[in-house]
Amino acid sequence: MNFRTYRATTYRVLRQLRADPRTIGLILGVPTILLVLLYYVYGDYPGIPGVDPAFPGIALTMLGILPMIAMFLVTSVAMQRERVTGTLERLWTTPLHRADLLLGYASAFAVMALVQSLILCGVAYFWLGVDSAGSPWILLIATLDSVVGVAFGLLTSAFARTEFQAVQFMPVVLGPQIFLCGLFVARDQLPTVLEWWSNILPMSYAVDALHVVDTNSGFSSHLTVDLAVLGGFGLLALTIAAFTMPRRAA
């Protein structure tokens, strides 16, 4: 890895993002709009006496789902676009290494992920009434969750030949994670095989970390494990992507 080419890649991707308002809107606006829509969906939902309202718990879970979905979609399409347009092949003629490219992309989108998480968490907590004991940790979890989505987007883009194929990977990669992360049924109440399966999916640990900070204000060992595993998934995805990233467009 060369720090100079890595830095240049990061700046180049950030410049491209700044010149693409639609992508910025997708990253920063769409997750927040969906969360607000969900708030109004539950606005007139009759509550059960003695039971907490449904929306805050669901909204907290969505903070571990929406960022990963948005960043996965944007990153996988953006990388595939560079390959299809020939930009990537031209970059390979320079001293650029795969690690420089992938880490540059990850760093640039990590900046966007941080801004996305700030907006999403700000709206959730200051407008929609979501609250938790460990509120300061929510931003860290949402940002790390977004970065993992970036890593998996870069990984899956290596196996797609067109932007449409990159999008087709989304239900394959993210669909099972949404169903098994605890959104619909608590993971410990799933059938044994599905519970084992959920244990090897990164979104499960993002949602679990959010549930931990919902009732605990401190940085517990449980939260440490969840964040470490979530970060490990991201590093693993980037490592595999570095070995599978093709140097020629198909």
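**Salt bridges**

I searched the whole structure and found two salt bridges, a salt bridge being a side-chain nitrogen of Lys or Arg within 4 Å of a carboxyl oxygen of Asp or Glu. I note that this is a predicted model, in which local features need pLDDT of at least 70 and side-chain atom pairs count only at pLDDT 80 or more, while totals for chains, interfaces and linings use all residues. Residues are numbered from 1 along each chain as its sequence is written, and side-chain values use heavy atoms, with hydrogens and water left out.

I took the pair of D20 and R81, whose closest N and O atoms are 3.8 Å apart. D20 lies in the loop between α1 (3-18) and α2 (21-28) and R81 in helix α5, so this pair ties together parts that are 61 residues apart in sequence; helices (H or I, at least four residues) are DSSP runs, numbered from the N terminus. D20 counts as buried at 16% relative accessibility, whereas R81, at 37%, counts as partly exposed. For these words I used the following cut-offs: buried is under 20% relative accessible area, exposed is over 50%, and partly exposed is in between (1.4 Å probe, protein chains only).

I then looked at E163, which forms a salt bridge with R81, again with the closest N and O atoms 3.8 Å apart. E163 lies in helix α9 (residues 163-180) and R81 in helix α5, so the pair ties together parts that are 82 residues apart in sequence. E163 counts as partly exposed, at 30% relative accessibility. Through shared partners, salt bridges join D20, R81 and E163 into one network.

**The core and F109**

Which residues touch the most other members of the largest nonpolar core? Of its 66 residues, they are L35, L63, M79, Y105, F109 and I138, and α7 gives the most to this core, with 13 residues. A nonpolar core here is a set of buried Ala, Val, Leu, Ile, Met, Phe, Trp, Tyr and Cys residues joined through side-chain atoms within 4.5 Å.

I listed the contacts (heavy atoms within 4.5 Å) of F109, leaving out residues up to four places away in sequence: F109 touches V13, L17, I27, M71, V74, T75, A78 and V150. I followed T75, which is found in helix α5 and is buried, with a relative accessible area of 0%.

L14, in helix α1, is partly exposed, with a relative accessible area of 26%. L14 and F109 are 95 residues apart in sequence and 7.8 Å apart in space, C-alpha to C-alpha. Not counting residues up to four places away in sequence, L14 touches A108 and V111.

In helix α4 (residues 54-62) I noted F55, A59, L60, T61 and M62 as the buried residues. What covers them includes α3 (30-41), α5 (66-84), α7 (98-126), α8 (135-157) and α11 (202-215).

L114 has its place in helix α7 and counts as partly exposed, at 39% relative accessibility.

Definitions and conventions. Helices (H or I, at least four residues) and strands (E, at least two) are DSSP runs, numbered from the N terminus.
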